[in-house]
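Please look through the sequence and the structure shown here.

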Amino acid sequence: MSPEDFCAVGPDLGEEERLVQQTVARFVDERALPVIPEAFEAGRFPSELIPEIGALGILGSSIRGHGCPGLSSIAYGVICEELERADSGLRSFVSVQSSLVMYPIAAFGSDEQKEGWLPRLARAQAIGCFGLTEPQGGSDPSAMQTHAQRKGDEWVLNGSKMWITNGSIADLAVIWARTDEGVRGFLVEKDRPGFRAQDIKHKLSLRASVTSALFLDHVTVPEANRLPDASGLKAPLSCLTQARYGIAWGALGAARSCLTTALEYGRTRELFGRPLIATQTIQRRLAEMVRSLTLARLLAWRLGQLKDTGRLDPAQVSLAKWNNVRMALEIARDARDLLGGAGITTEFSPLRHALNLESVMTYEGTETIHELIVGKAVTGIDAF
Ligand code: TGC
Ligand code: FAD
């Protein structure tokens, strides 16, 4: 029995899903893992991997047409899982591109926007970012201050966005702004006068990922850059559902990396005359990791089935994002401890994953916000 897949979900993957998993796993083992620890330490996103990610054909994986492969939701899940086995920053890059940039263009864009952007985004010839969060508080996007004023056939955008993944490397920003008619989405190219991205430095988490602040100072875009079918806060929130779904799977990858590292280390570490893993309390801790990872995998798997059959409720995604990220964080912290002092360097993955998962628990809705979304679903009362 595999500790990483104790209840044997893998053998039930479809042929296409298995192929996708093998392809991404090979990329992670051969290309990503050799560079990730150095990139994390240096605080740089390994942008040399971008063309290879584009060539893998995994961006916008669930979208059909416009150069996108139209894979199942479970395939998107295994992509996220494999990438986050390397680092949450790598999965973040793909989450943002696929779920937060390509998805809104596919779901709410005009034919011209789809044809103009999706093929390039799918091949990573263009990079996107998603600007929803603002400095005054990300949990409540309804308090958004960034606004867009219509002037004839153009819109003038003013405001700022905070904590934006891929911000300074993006060719295109999907910007959500308040208008006289409610919240709308705009495609803002990076070279528009008045648009500026500035990286956030000194991060202790997601160091192998670009996180930026965006500033919009009288940025003018044509009406053709507005997403015509995005109306109200529901539009950006529906993008979050796509990304949160991917994170519920991605967390499995981080947890797997930590569990296998602890197991391998414990096999060769001799203490008190026996391998560490021959000790009862250590076995209980490893068994606990396997238990929580297995349950999280079954949850992600079920979520995929519901999504692929059009029955998924956003509150179910909240439950899974909350559960699976918490699961991965607890495994990462415990695995770090099982490595003793060796666990504090970048040679081993658990502490790097734990630090990353602190962000993953905050972004795409904090753990508390997801608890409250589930609370609202079971009580009918909005207690945000
Ligand atoms: P509320 O009144 O609840 O809803 C307004 C309308 O939207 C609908 N809706 C959703 N639709 C699809 N998916 C969802 N997840 C949805 N949530 C709500 C809802 O049905 C309603 O529709 P209608 O037809 O009735 O108008 O809105 P609210 O303002 O009360 O929302 C409350 C709350 C707290 C749930 C929401 O504001 C929220 O989710 N806050 C958290 C914000 C957040 O997650 N931000 C993430 C920013 S992006 C990011 O972090 C990227 S990290 C990327 C990476 O690097 O991987
Ligand atoms: P706040 O909303 O200020 O929350 C602070 C604390 O208050 C949290 O503990 C929260 O749970 C708690 N809280 C909030 N409301 C309630 C309540 N009603 N009841 C009880 N407790 C509550 N955003 C984007 O738009 N695009 C991106 O690409 C993006 N990438 C990110 C990358 C990173 C590395 C990080 C860290 C964040 C990113 N974010 C992005 C922003 C992220 O979505 C926000 O950080 C998150 O939504 C929380 O918002 P906040 O940081 O302003 O915290």
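How far is an oxygen atom of ligand 1 from an N or O atom in the side chain of Lys-234? The distance is 3.3 Å, which falls under the term polar contact: a pair of N or O atoms within 3.5 Å, where within protein one must be able to donate a hydrogen and the other to accept it, and residues adjacent in sequence count only if both atoms are side-chain atoms.

The model is predicted, so local features need pLDDT of at least 70 and side-chain atom pairs count only at pLDDT 80 or more, while totals for chains, interfaces and linings use all residues. Residues are numbered from 1 along each chain as its sequence is written, chains are lettered from A and ligands numbered from 1 in the order in which they are written, and side-chain values use heavy atoms, with hydrogens and water left out.

An N or O atom in the side chain of Arg-244 is 2.7 Å from an oxygen atom of ligand 1, and a nitrogen atom of ligand 1 lies 2.9 Å from a backbone N or O atom of Ser-139. On its own, ligand 1 has 1100 Å² of accessible area, and the protein covers 73% of this (Shrake-Rupley method with a 1.4 Å probe; for residues, only the protein chains shown count as cover).

There are 27 residues around ligand 1, where near means that a heavy atom of the residue lies within 4 Å. The nearest are Ser-92, Thr-241, Arg-244, Glu-364 and Gly-365. By class, this shell has 12 nonpolar, 10 polar and five charged residues (Ala, Val, Leu, Ile, Met, Phe, Trp, Tyr, Cys and Pro count as nonpolar, Asp, Glu, Lys and Arg as charged, the others, Gly among them, as polar). Helix α7 gives the largest share of the shell, six residues (helices are DSSP runs of H or I with at least four residues, strands runs of E with at least two, numbered from the N terminus).

Ligand 2 is surrounded by 20 residues, and Thr-133, Gly-138, Ser-139, Trp-163 and Thr-366 are the closest. The side chain of Ser-139 has an N or O atom 2.6 Å from an oxygen atom of ligand 2. For Trp-163, a backbone N or O atom lies 2.7 Å from a nitrogen atom of ligand 2. The protein covers 68% of the 980 Å² of accessible area that ligand 2 has on its own. The shell around ligand 2 divides into nine nonpolar, 10 polar and one charged residue.

Tyr-76 and Tyr-245 are a stacked pair, 6.4 Å centre to centre with 25° between the planes. Tyr-76 is in helix α4 and Tyr-245 in helix α7, 169 residues apart.

Notes:
Phe/Tyr/Trp six-rings, centres within 6.5 Å; stacked < 30°, edge-to-face > 60°.
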